[in-house]
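Open the model in your viewer and keep the selection tool at hand. The stops below follow one another.

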Amino acid sequence: MKKIFSLLFLSGFTFVAFGQDFNKNLADARTAYAAGNLSNSRFAMEQMLHTLDAAIGKDILKLLPPKMDALAANVKADNTTGTGTNSGLGLYVQLTYGTGAKTATIDIINNSPLITSLNALLALPFVGRGGDGNQKVVKVQGYKAVLSRTENSETKKLDYDLQVPMQNTLVTFKMTEAQEADVLRLANTIPLEKIASMAQ
């Protein structure tokens with residue numbers, strides 16, 4: 001019970017801290033704009049976007065599955081950042097699962113520069129049928145995705161990397177020491193549509 005109260009307190013404190021940062025940056029942006037200092041006003045607004053992206057990232061983390069089969073989420077190591085507009089990227093969310101050789105990772109990035117390349121790749125007619133068999137096009141929850149596999153040269157076990165571009169958001173699901181069927185089955189437990197609507 002004590003832990004629950006502690007978590008509630010920390011959650012509330014985090015929300016309040018986000019709100020304080022947002023309101024402070026909003027006030028700074030207005031003050032700088034009124035004074036004709038557009039550069040400072042823009043900087044304060046970028047900080048507001050950074051705060052918003054980080055808050056959205058926290059909400060997206062709550063949507064992600066707590067487990068991937070036997071692999072538990074490493075919630076203490078989760079990562080959400082809002083990079084603002086300076087780098088051209090928006091929010092970034094990462095959640096890892098498992099602690100041994102077999103692991104899984106979900107990465108969510110919006111405004112990723114990889115999306116254009118992936119969409120161009122998905123538009124090529126031969127990608128899904130040819131090549132060395134280590135990369136193919138699959139569908140996950142109605143979204144076209146690129147599934148790549150690599151073989152560990154020592155253990156001969158397979159690692160998979162599934163990239164799902166959705167509008168301006170890229171979801172990447174990685175699993176080590178996995179089977180293709182398990183990767184696709186577990187990818188279907190990720191709420192892609194909700195993530196896309198929150199991240200855009």
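**Stop 1: the strand hairpins**

Select strand 6 (135-140) and strand 7 (143-151). The two run antiparallel and are joined by six bridges. Strands here are DSSP E runs of at least two residues, helices are H or I runs of at least four, and both are numbered from the N terminus. Two strands pair if DSSP finds at least two bridges between them.

This is a predicted model: local features need pLDDT of at least 70, side-chain atom pairs count only at pLDDT 80 or more, and totals for chains, interfaces and linings use all residues. Residues are numbered from 1 along each chain as its sequence is written, and side-chain values use heavy atoms, leaving out hydrogens and water.

Zoom in on the turn. Val 140 stands opposite Tyr 143. Two residues lie between the strands of this hairpin, and Gln 141 in the turn has a positive phi of about 55°.

Pick Thr 150: its bridge partner is Asp 159. This hairpin has six residues between the strands, and Lys 156 takes a positive phi near 65°.

**Stop 2: helix 4**

Select residues 180-187, helix 4. Which of its residues are buried (under 20% relative accessible area, 1.4 Å probe, protein chains only)? Val 183, Leu 186 and Ala 187 are.

Terms used
Buried < 20%, exposed > 50% of the residue type's maximum accessible area, 1.4 Å probe, protein only. Contact = heavy atoms within 4.5 Å.
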